[in-house]
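Thanks for coming, everyone. I'll walk through one structure today, piece by piece. Have a look at it first.

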Amino acid sequence: MSQNTFYELIPSVQYYDWGSTDDQSSIRTFLKKKHSHFLTEKPIAEVWKGAHPKNPSHLKDIHDSSRTYNFYQLIQENPSHVLGEDLSFKKEFPFLLKILEAEKPLSIQSHPDKKTAIILHKKDPANYPDSNHKPEIAISLGDFEALCGFRPHEELLNFFYQYPTKELWDQKSEFSLKRIYANLMNADKQKLVALTEEFLSFLSEASPDPIRDQWFIKLYQTFGKDDPGIYSIYLLNYYHLKENEALFLPPNTPHAYLRGSIVECMTNSDNVIRAGLTSKFKDIPTLLATLDYEKKRISPLRPKKTNNISKFYQIPIEEFYLELIHSSDQDFDKTLFYHLKFFPSIITILRGNVKVIMNQKEWSFHEGQILFFPGDLKHQEIILIFSSEAWAFLATTLLNQKTKESLEL
């Protein structure tokens, strides 16, 4: 392939039972624009844009559309082209970018830190398919509800005093969230059914926390009275995010996506430690042993302005970096020229159009298309011109020293 080329990225799709069956959902609307061959009656859960060996994307050469490459295999064959000289020794793409749609709640889960991931992958590669840690960011595409991190101590005590929780915590003993959560997740089914029936009886007469109470009823109706995960609605922080607001989830953070659509970016990993609200493999001992039990609230992130067209999400890792490019809800001026200086990078066009100018040639792309700019283009001058209604995300990595330097310019 030419060393002066970029690609249209053809994503891969995951069909999970919690995904979208609604023809008007964000994920199906996105796929209808340029990737309609993925549309089926099965629930569509995730659109993957990356090179994870489990389900890699494909890359179509912009100079010769008949040439299409498996993203993962191309890195193995030509890492300096795809990743650039600074990252070629890794032979692994640093991050995985997704569009995710939850029509039903996802499992109660966490993602391992690096040390734990290495151990889990070695011990159980079938359920932990790689040795990478998995911090991630979830950016709302409009109306997104999620649970993330244990609630502050004061809020938890308030819950335990207001609700019929004597089976969870005997208030005569010292309060220990770790012990309480372990007792809950390991409780036998008969005890959980009795506890849930007591909760439902209580909620028939009172509703101290209407949003959580309504979700508790939905969760038990979906997953049953004997699933301990339904009580996480009271133990974890609840978030309802507006468009472009985000949550950053460090490793070992308990969370569950309840409903809605997001752009999600993470390290190049598919490791998930599950313990409730799912029919998939559960690993309760590992989850309980690795969770961060600090009672703190994770503040939603709002993108910070970088220039007249883009904003960025400030997160404490280097594997991935995201910019929001000209969304209509932002106060950008009318200048929509964007000088691309991040390589390798993936740009997802959610709305509007973009022109790419490189080597005195011009290409036009439209909403629903995804572009990949490989690492060996870092010395090229590339200009992107976005239409006034454009809404796009750029994802790249800060592991490349040249990329770090460009942020400081």
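Let's start with helix α5. On the face turned away from its buried side, α5 carries the exposed residues E154 and Y161. One thing to keep in mind throughout: this is a predicted model.

Now the other side of α5. The helix runs over residues 153-162, and L156, F159 and F160 are buried in it. Those three cover an arc of only 95° around the axis, which puts them on the same side of α5.

α6 covers 177-185 and α7 covers 189-203, and each supplies at least two residues of the lining of the largest cavity. How many cavities of 30 Å³ or more does a search of the whole structure find? One. The volume of the largest cavity is about 50 Å³. Its lining includes E167, L168, I180 and N183. L184, A187, K191, L192 and L195 line the cavity too. By class, that lining has six nonpolar, one polar and two charged residues.

Next, the nonpolar cores. The largest has 43 residues. Which residues have the most contacts inside it? Y181 and F216. Take Y181.

On to helix α1, residues 26-34. Here I27, R28, F30 and L31 are buried. Seen down the axis of α1, the buried residues fall within an arc of 160°, so they line one face of the helix. What covers them? The cover includes β2 at 12-14, β3 at 46-49 and β6 at 95-102. β18 at 345-351 and β21 at 370-373 also belong to that cover.

Now the largest pocket. About 570 Å³ of space lies in it. The pocket is lined by 32 residues, and Y16, W18, S107, R274 and K280 lie nearest its centre. Where does the lining come from? β6, α8 at 210-223 and β12 at 255-267 each supply at least two residues. The largest share, four residues, comes from β12. Sorted by class, the lining divides into 13 nonpolar, eight polar and 11 charged residues.

Let's stay with Y16. Y16 lies in the loop between β2 and α1. Is Y16 buried or exposed? At 15% relative accessibility, Y16 counts as buried, because the limit for buried is under 20%. Not counting residues up to four places away in sequence, Y16 touches P43, A45, E46, W48, K54 and K280. K280 is also one of the residues nearest the pocket centre. For a sense of distance, take H81. Y16 and H81 are 65 residues apart in sequence and 34 Å apart in space, C-alpha to C-alpha.

For contrast, here is a loop residue on the outside. E85 sits in the loop between α3, residues 79-83, and β6. With a relative accessible area of 63%, E85 is exposed. E85 and V354 are 269 residues apart in sequence, and 28 Å apart in space, C-alpha to C-alpha.

Last topic: backbone geometry. Most residues other than glycine have a negative phi, and most peptide bonds are trans.

First stop, N252. N252 has a positive phi of about 70° although it is not a glycine. Its place is in the loop between β11, 246-249, and β12. At 11% relative accessibility, N252 counts as buried.

Next, L277. Phi of L277 is also positive, near 60°. L277 lies in the loop between β13, 273-276, and α10, 284-290. L277 counts as buried as well, at 3% relative accessibility.

Finally, a peptide bond. F343 and P344 are joined by a cis peptide bond, with omega about -10°. P344 lies in the loop between β17, 337-340, and β18. That β18 is part of the cover over the buried residues of α1.

That's my tour. Over to you for discussion.

Methods: Residues numbered from 1 in each chain as written. Predicted model: local features only at pLDDT ≥ 70, side-chain atom pairs only at ≥ 80, totals over all residues. Heavy atoms only, no water. Core = buried A, V, L, I, M, F, W, Y, C linked by side-chain atoms within 4.5 Å. Buried < 20%, exposed > 50% of the residue type's maximum accessible area, 1.4 Å probe, protein only. Arc of directions from axis to C-beta. Contact = heavy atoms within 4.5 Å. 1 Å grid on protein atoms, 1.4 Å probe; cavity = no way out; pocket = protein on both sides within 12 Å on 5 of 7 lines; lining within 4 Å. Points joined across faces, edges and corners; volume = space filled by probe spheres on them. Nonpolar A, V, L, I, M, F, W, Y, C, P; charged D, E, K, R; others polar.
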